[in-house]
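Please keep the structure in view while reading.

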Amino acid sequence: MRVVVFSAHPDDEAFGCGGTLFKHKSSGDEIFWIITTSVFHGQGYSEEWIESRNEEIDSVKRMLNIKEVFLLNYPTMKLTDESLIEMIPKIGEIFKQIGPEVIYILNRSDAHSDHFITFKAAMACTKSFRYPSVKKVLMYECISETEFGAALAENVFIPNYFVDISDFMDKKLQLIQIYKSEIMDHPFPRSLENVKALNHFRGATIGVKYAEAFQLLKYIDK
């Protein structure tokens, strides 16, 4: 099985579906990673910060045995609807190259605008008449973004697809700790305690110890 996971920023994938990705790895599936934004000197990021981010990406790639990472290199925090004009064709070419079957994308109503634009670009590349390999599209929740989206009915994340990650929870926490700058102590949303609590709660929903929750957007059985 060929799997694609989208991140607006490196770390989204670890917090949102890291356990599920480890499960894919254990099943021998091929994992591909599309990261839509990067950090640059022109935005005020130091050489050390940029190098650290590249090392984090390499570490995640090795830990998950990701077959290939695609960097679209849009400046972080700068994605707009105008970005879609270039971004959609870029993603489309990647999809034609690898023929993904399962797609993990960011929640459309996350608080961060980079997440929303990445969602729109990814969804535009799931049309079956153009990308017939795509069989399943799942939207993942990203702690500190999904729960801080505007409290409107149309923005609700509706978990209707759950993956038992009980055997991979420790590995997920190890993966998250690669991103040292993203982790702080409770009650900061991205504390290890809160990540574990969310997955514990999702697990209780389906009668297992730990789970990750998704919103199923498309399932094609053929």
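Predicted model: local features only at pLDDT ≥ 70, side-chain atom pairs only at ≥ 80, totals over all residues.

Axes here are lines fitted to C-alpha atoms, for helices over the stretch in contact, and angles run from 0 to 180 degrees between N-to-C directions.

**Helices α3 and α4**

- The axis of helix α3, residues 84–98, comes within 9 Å of the axis of helix α4, residues 113–124, and the two cross at roughly 45°.
- Because angles under 35 degrees count as roughly parallel and those from 65 to 115 as roughly perpendicular, α3 is oblique to α4.
- The crossing in which α3 passes α4 is right-handed.
- On the α3 side the contact is made by Leu84, Met87, Ile88 and Ile91, while α4 contributes Ile117, Lys120, Ala121, Ala122 and Ala124.
- Sorted by class, this contact of α3 with α4 holds 8 nonpolar residues and 1 charged residue, with no polar ones.

**Helices α1 and α5**

- Helix α1, residues 12–26, and helix α5, residues 169–176, have axes that come within 9 Å and cross at roughly 135°.
- Since only angles over 145 degrees count as roughly antiparallel, α1 is likewise oblique to α5.
- Where α1 and α5 cross, the crossing is right-handed.
- Residues Ala14, Phe15, Gly16, Gly18, Gly19 and Phe22 of α1 make the contact together with Lys171, Lys172, Leu175 and Ile176 of α5.
- In terms of class, the contact of α1 with α5 comprises 5 nonpolar, 3 polar and 2 charged residues.

Key: Residues numbered from 1 in each chain as written. Heavy atoms only, no water. Helix = DSSP H or I, 4+ residues; strand = E, 2+ residues; numbered from the N terminus. Left-handed = near helix turned anticlockwise from the far one by under 90°. Contact = heavy atoms within 4.5 Å. Nonpolar A, V, L, I, M, F, W, Y, C, P; charged D, E, K, R; others polar.
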